[in-house]
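Open your viewer and keep the selection panel within reach.

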Amino acid sequence: MSAVADAIRAEVIPHIDDIGVTLGSVTAMDELAGSGFVTSGSIMVPCPWFPAAAELAARRPDLDLGLHLTLTSESARMRWRPMSTASKSSGLIDDDGYMWPTVPELRARARPGAVEEELETQIAAALEAGIDVTHLDHHMGGALAPELAEITLGVARRHRLPVLMPLDPAAYASVLEWGPADLSLLDDLRDDLVASGGVGADHFMMGLTYQDEAPRQVYGRFLDEATGVAFLSMHCNAPGEVSAVHPDDAAWRIAEYEWARAGALEAPDDVVLSDFRQLGARWRWGYGG
């Protein structure tokens, strides 16, 4: 269902998520992208360090930067609000006026129209800031939860942007905290995307789920086993305020950063490192093709 040359076992996109939550996430993308392993990343527009991420994008037009569509705010110590509304009737905010901390709370309350407006507002803000948005993906998987996925894919189609769509929704959901979910709609949306010329991700891996191992072990094994188009969700972050914002997994985020900065891994001969600009060159879904 993916489109990878016969001589290549896997096309891997090593991707930094959560750019803009901390200054260290922006620093990590600046230092790591194009230096060997990391090829791509995505920015969280509603977050405090979005201006720094936009400045990075302006200074480094070579970077492959998308948007980490944001509908939840999980950190107890740093919260962010929707960009499109302050109304509780939208279903996007909790009693304190911030985005819901969990995806199940978002799924239970968000109004579809408000979700669409928020996603459009985030994209508009990124474009206004001069970011050459190359793709869309999903913070905590929220924008791809079954109740919201059709909205998200519609927004992606409208903007003619590649969007992260795992070809195995069950495997994707298994590493997220969605709560009980009927994944049949995601199966249908996946089939529609592929039939319309989109390129889905055969494999999705999030390093945060392997914090009891070292990054070299985790990602070495992944490169040895990956097939097809493989999306590697990393959270590289330079030391700093990340320890306060994400105390439970800051050590892993810093370890990823230090590992990649030290040289990371060389891909096997039958694996190519890719990004969404390369993937987008093969993307017809949403273009009327």
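This is a predicted model: local features need pLDDT of at least 70, side-chain atom pairs count only at pLDDT 80 or more; totals for chains, interfaces and linings use all residues.

**Stop 1: α1 and α2**

Select residues 50-59 for helix α2 and show α1 beside it; the two axes come within 9 Å and cross at roughly 15°. That makes α1 roughly parallel to α2, because angles under 35 degrees count as roughly parallel.

**Stop 2: α1 and α10**

Is the crossing of α1 with α10 left-handed or right-handed? Here α1 passes α10 in a left-handed crossing. On the α1 side, pick Ala28, Glu31 and Leu32; on the α10 side, pick Tyr257, Ala260 and Arg261, and you have the contact. By class, this contact of α1 with α10 holds four nonpolar and two charged residues, and no polar ones.

**Stop 3: α5 and α7**

Next, select helix α5 (residues 149-158) together with helix α7 (residues 184-195); their axes come within 10 Å and cross at roughly 20°. α5 and α7 are therefore roughly parallel to each other. The crossing of α5 with α7 is right-handed. From α5, show Ala149, Glu150, Leu153 and Arg157, and from α7, Leu186, Leu189, Asp192 and Leu193: these residues make the contact. The contact of α5 with α7 has five nonpolar, no polar and three charged residues.

**Stop 4: the largest pocket**

Rolling a probe the size of a water molecule over the atoms shows where empty space is left. How much space lies in the largest pocket? About 710 Å³. Centre your view on Glu74, Met140, Leu208, Asp249 and Arg253, which are the closest to the pocket's centre of the 33 residues that line it. Then highlight β1 (10-19), β4 (136-138), β5 (203-206) and β6, the elements that give two or more residues to this lining. Colouring the lining by class gives 14 nonpolar, 10 polar and nine charged residues.

**Stop 5: the second largest pocket**

The second largest pocket holds about 320 Å³ of space. Which residues lie nearest the centre of the second largest pocket? Select His203, Phe204, Met205, Tyr210 and Phe222 to see them; the lining is made up of 19 residues. Two or more lining residues come from each of α6 (169-174), β5 and α8 (215-225). By class, the lining of the second largest pocket has 13 nonpolar, two polar and four charged residues.

**Stop 6: the cavity**

How many cavities of 30 Å³ or more does a search of the whole structure find? One. About 50 Å³ of space lies in this largest cavity. To bring up its lining, select Ile13, Val163, Leu164, Met165, Val199, Gly200, Ala201, Val229, Phe231, Phe276 and Leu279. The elements β6 (228-234) and α11 (276-280) are the ones that give two or more residues to the cavity lining. Finish by colouring the cavity lining by class: 10 nonpolar residues, one polar and no charged.

Terms used:
Residues are numbered from 1 along each chain as its sequence is written. Side-chain values use heavy atoms; hydrogens and water are left out. A crossing is left-handed if the near helix is turned anticlockwise from the far one by less than a right angle, and right-handed if clockwise. Helices (H or I, at least four residues) and strands (E, at least two) are DSSP runs, numbered from the N terminus. Contact means heavy atoms within 4.5 Å. Ala, Val, Leu, Ile, Met, Phe, Trp, Tyr, Cys and Pro count as nonpolar, Asp, Glu, Lys and Arg as charged, and the others, Gly among them, as polar. On a 1 Å grid over the protein atoms alone, a cavity is a set of points where a 1.4 Å probe fits but cannot get out, and a pocket is an open set with protein on both sides within 12 Å along at least five of seven lines; lining residues have an atom within 4 Å of a point. Grid points are joined across faces, edges and corners, and a volume is the space filled by probe spheres set on the points. Axes are lines fitted to C-alpha atoms, for helices over the stretch in contact, and angles run from 0 to 180 degrees between N-to-C directions. Angles under 35 degrees count as roughly parallel, over 145 as roughly antiparallel, 65 to 115 as roughly perpendicular and the rest as oblique.
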